Structures are given as C-alpha cells and as structure tokens.
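Let us take a walk through a protein model together. Have the sequence and the 3D view ready, and follow along one residue at a time.

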Amino acid sequence: MLEKDRVNFLFADARNLYEDAMEMLALGKLRNAADKAWCATKRATDALILARTGEVPRTSGQTMRMIRQLRRQDPSLEPLRARYGYRQSFLHGACFNDGILEPEEDIIADVQETMDYIHDAEDMATK
C-alpha cells in the first residue's frame with residue numbers, strides 16, 4: 001500500500017472507531033466508549049506520524065516517543081502531543097483499564113471531542 005493510501009486508511013479507521021465510540025455512548029457503555037475513543041486517538045496520531053516520518057508506530061509508547069520527537073522539530077505539535085498524553089492516561093488508563101468512570105460528564109465530553117482531535121491530526125499531517 002502506498003504511504004499516502006496508508007495515511008488515508010489510518011485516518012478512515014480513526015473515524016470509524018470514533019463512530020463506534022459514539023455508538024457505545026448511545027448504548028450507555030461508557031467504558032467501551034472511552035476505549036474506542038482512545039483507539040481512534042491512537043490511530044489518528046499514528047497517521048500523522050506516518051505522514052510526517054514514513055513510519056508507523058506499533059505501540060502507544062512508540063507513538064508517544066515519536067510525537068515528542070516531531071514536536072521538537074515542530075513546536076506547533078505541542079498541543080496535540082499534550083492532548084494525546086492526556087487521552088492515553090484518562091481514556092485508556094483510568095477509564096478503560098482501571099474502570100474509573102467518574103465524572104461521567106467529563107468522559108462523555110472527551111469521547112465526543114475525539115473527532116476534533118482527529119481533524120486536528122489530519123490538519124497537522126498536511127503541514
């Protein structure tokens with residue numbers, strides 16, 4: 001698969017995972033919604049990294065290292081890097097892994113804001 005096609009595939013997958021997260025929210029499955037939103041965040045970040053470096057990180061730790069490296073080269077990536085770290089810690093770590101599902105309104109807002117993150121990653125991928 002060509003690199004540009006792979007980037008587009010990863011962003012499409014991120015959008016699909018976001019839709020899954022919204023479906024889980026509608027079903028009242030907050031923990032699953034948080035996990036799907038986290039997965040969408042990681043896929044969008046991986047697409048950005050691929051677009052900028054030609055490499056796809058395999059783990060969330062590699063994604064974090066690579067987005068930090070990119071941020072050093074392009075400081076405009078700092079807000080996205082910070083959001084990635086927050087989402088990794090809160091949506092993946094606290095909500096999904098640890099089952100901490102309060103405050104519920106914060107989790108719902110973070111899940112819903114995932115599409116904003118995806119759009120921002122897409123914008124940064126083209127810079």
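**Starting from the inside**

Isoleucine 118 has 0% relative accessibility, so it counts as buried (buried means under 20% relative accessible area, with a 1.4 Å probe and protein chains only). Before going on, note that this is a predicted model, in which local features need pLDDT of at least 70 and side-chain atom pairs count only at pLDDT 80 or more, while totals for chains, interfaces and linings use all residues. Residues are numbered from 1 along each chain as its sequence is written, and side-chain values use heavy atoms, with hydrogens and water left out.

You will find isoleucine 118 in helix 6 (residues 114–125); helices here are DSSP runs of H or I, at least four residues, numbered from the N terminus. Which residues does isoleucine 118 touch, not counting those up to four places away in sequence? They are Phe11, Ala14, Arg15, Tyr18, Ala40 and Ala44, where contact means heavy atoms within 4.5 Å. Alanine 44 is 74 residues away along the chain, yet its C-alpha atom is separated from that of isoleucine 118 by 5.6 Å.

Now look at the neighbouring pair of elements. The axes of helix 2 (residues 30–53) and helix 6 come within 9 Å and cross at roughly 5°; axes are lines fitted to C-alpha atoms over the stretch in contact, and angles run from 0 to 180 degrees between N-to-C directions. Helix 2 and helix 6 are therefore roughly parallel, a term for angles under 35 degrees. Among the residues that meet are Ala44 and Leu48 of helix 2 and Ile118 and Ala121 of helix 6.

The largest nonpolar core has 39 residues, and Phe11, Ala44, Leu48, Leu91, Ile107, Val111 and Ile118 have the most contacts inside it. Such a core is a set of buried Ala, Val, Leu, Ile, Met, Phe, Trp, Tyr and Cys residues joined through side-chain atoms within 4.5 Å. Helix 2 gives the most to this core, with 11 residues.

Next, turn to another pair. The axes of helix 3 (residues 60–73) and helix 4 come within 9 Å and cross at roughly 160°. That makes helix 3 roughly antiparallel to helix 4, the word for angles over 145 degrees.

Finally, visit the loop between helix 4 (78–97) and helix 5 (104–112), where proline 103 lies. The peptide bond from glutamate 102 to proline 103 is cis, with omega near -5°. In general, most peptide bonds are trans.

Definitions and conventions
Helices (H or I, at least four residues) and strands (E, at least two) are DSSP runs, numbered from the N terminus. Angles under 35 degrees count as roughly parallel, over 145 as roughly antiparallel, 65 to 115 as roughly perpendicular and the rest as oblique. Buried means under 20% relative accessible area, exposed over 50%, partly exposed in between (1.4 Å probe, protein chains only).
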